[in-house]
Amino acid sequence: MRDLVGAAALAAAAWIVPASAAELPIFDAHVHYSHDAVESLPPKAAAALLRQAGVKRALVSSSNDDGTQKLLAEAPDIVIPELRPYRTRADTAGWTRDPGIVAYVEERLAKYRYVAIGEFHLYGADADLPVPRRMVELARKHGLMLHAHSDADAVERLYAQWREARILWAHAGFERPEKVREMLARYPTLVADLAFRTDHASGGKPAPEWRALFIEFPDRFMVGTDTYVPERWHFVPEHARWSREWLADLPPDVAERIAWKNGEALFGAAWAGKR
Ligand SMILES: [Zn+2]
């Protein structure tokens, strides 16, 4: 009988451990809900998908910004809005040389509240063009984080313009872990999302160089799906599941931070103070 009770307790424990890992809340730091996504996946369905995935919070931006506002209205408990400086997907390529972008960003900032500007694409010396410079000034004026899909060079140029900037480095710049370490060490207000990369984990385990980096800088990473095209929305639950799997291999406090606590600390309070 005692053996049976022991076996039952063991079975229960074995069940409880994966179940709690499966329930790890996710702060998805890289969600776009652009005009074409709004059409194919209306706000109610998008919100339901986030809930189904166990995404408790998401940093959401869109081209244009209407998608973000619609999803925020549908799921104010989940969505934390950031302002993408794009009116349509086509602005991704030409925005750094288009003064119309400044007028658009100013108009949205006057009308709505955000915690960040981004995600924007900006590389090398383009960071010092007048339009990006003006965007950085507006971010400074409104106390907004910068969400930069950038190479290390552009990140350095953004910090040269605004020494106290807080930058969320999209995709950790698609850089190798050694370069990410160098940048995190040099810039204490730099944090990174791991969206749309798979090199940091496989088979439910972080890669060794990345594991060392997560443990060295547990407060500086977040996960993200990057729904840059509508079809990627259906990957949100799978991304959350895959993330929980490799996060479970890290010390629990580090896993919790990367899964949701860092996002909550960086954006949750800031947003609560603005809404
Ligand atoms: Zn993106």
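Terms first: by helices I mean DSSP runs of H or I with at least four residues, and by strands runs of E with at least two, both numbered from the N terminus. Residues are numbered from 1 along each chain as its sequence is written. I'm reading a predicted model, where local features need pLDDT of at least 70 and side-chain atom pairs count only at pLDDT 80 or more, while totals for chains, interfaces and linings use all residues.

**Confidence**

I checked pLDDT, the predictor's confidence in each residue from 0 to 100. The chain has a mean of 92, and 92% of its residues reach 70 or more. Where does pLDDT stay under 50? I found that stretch at residues 1–20, where the model has 0 contacts beyond four places in sequence. A contact here means that two C-beta atoms, placed from the backbone, lie within 7 Å. Where pLDDT is low, the predicted coordinates should not be read in detail.

**The sheet**

I traced the strand order next, taking two strands as paired if DSSP finds at least two bridges between them. An open sheet is formed by 8 strands in the order 1-2-3-4-5-6-7-10, with parallel pairing. Strand 1 and strand 10 (221–222) are at the edges with a single partner strand each, so one side of each has no neighbour in the sheet.

I then went through some of the pairs. Strand 1 runs parallel to strand 2 with 5 bridges, and Asp28 has Ala58 in strand 2 as its bridge partner. Strand 2 is joined to strand 3 by 3 bridges, also in the parallel sense; here Val60 is partnered by Pro81 in strand 3. Strand 6 and strand 7 are parallel too, with 3 bridges, and Trp169 has Ala192 of strand 7 as its bridge partner.

**Burial in the strands**

My cut-offs: a residue is buried with 20 or more other C-beta atoms within 10 Å of its own, exposed with 12 or fewer, and partly exposed in between, the C-beta atoms being placed from the backbone. Strand 1 (residues 26–32) has 7 of its 7 residues buried. Why is strand 3 (residues 79–83) largely enclosed by the rest of the structure? Because 5 of its 5 residues are buried. In a regular strand the side chains alternate between the two faces of the sheet. I looked at both faces of strand 3: Val79, Pro81 and Leu83 are buried on one side, and Ile80 and Glu82 are buried on the other.

**Ala201**

I found Ala201 in strand 8. Is Ala201 buried or exposed? Ala201 counts as buried because it has 21 C-beta neighbours inside 10 Å. Leaving out neighbours within four places in sequence, Ala201 is in contact with Pro206, Ala207, Trp210 and Trp246. I also checked Leu247, which is 46 residues away along the chain; its C-alpha atom is 9.0 Å from that of Ala201.

**Helix pairs**

For axes I use lines fitted to C-alpha atoms, over the stretch in contact for helices, with angles from 0 to 180 degrees between N-to-C directions. Helix 3 (residues 43–53) packs on helix 11 (residues 236–247) at about 20°, the axes being 8 Å apart. Leu49, Leu50, Gln52 and Ala53 of helix 3 make the contact with Val236, Pro237 and Ala240 of helix 11.

Helix 9 and helix 10 (residues 208–216) have axes that come within 10 Å and cross at roughly 15°, so they are roughly parallel as well. The residues in contact are Pro177, Val180 and Arg181 of helix 9 and Glu209, Trp210 and Leu213 of helix 10.

I went looking for cis peptide bonds. One joins Ser63 and Asn64, with omega about -10°; Asn64 is in the loop between strand 2 (55–61) and helix 4 (66–74). Another joins Gly118 and Glu119, with omega about -10°, and Glu119 lies in strand 4 (residues 116–122).

Phe174 has phi near 50° and is in the loop between strand 6 (167–169) and helix 9 (177–186). I noted Phe174 as partly exposed, with 15 other C-beta atoms within 10 Å. Phe196 has phi near 55° and is in the loop between strand 7 (190–193) and strand 8 (201–202). With 18 C-beta neighbours inside 10 Å, Phe196 is partly exposed.

How values were computed. Angles under 35 degrees count as roughly parallel, over 145 as roughly antiparallel, 65 to 115 as roughly perpendicular and the rest as oblique.
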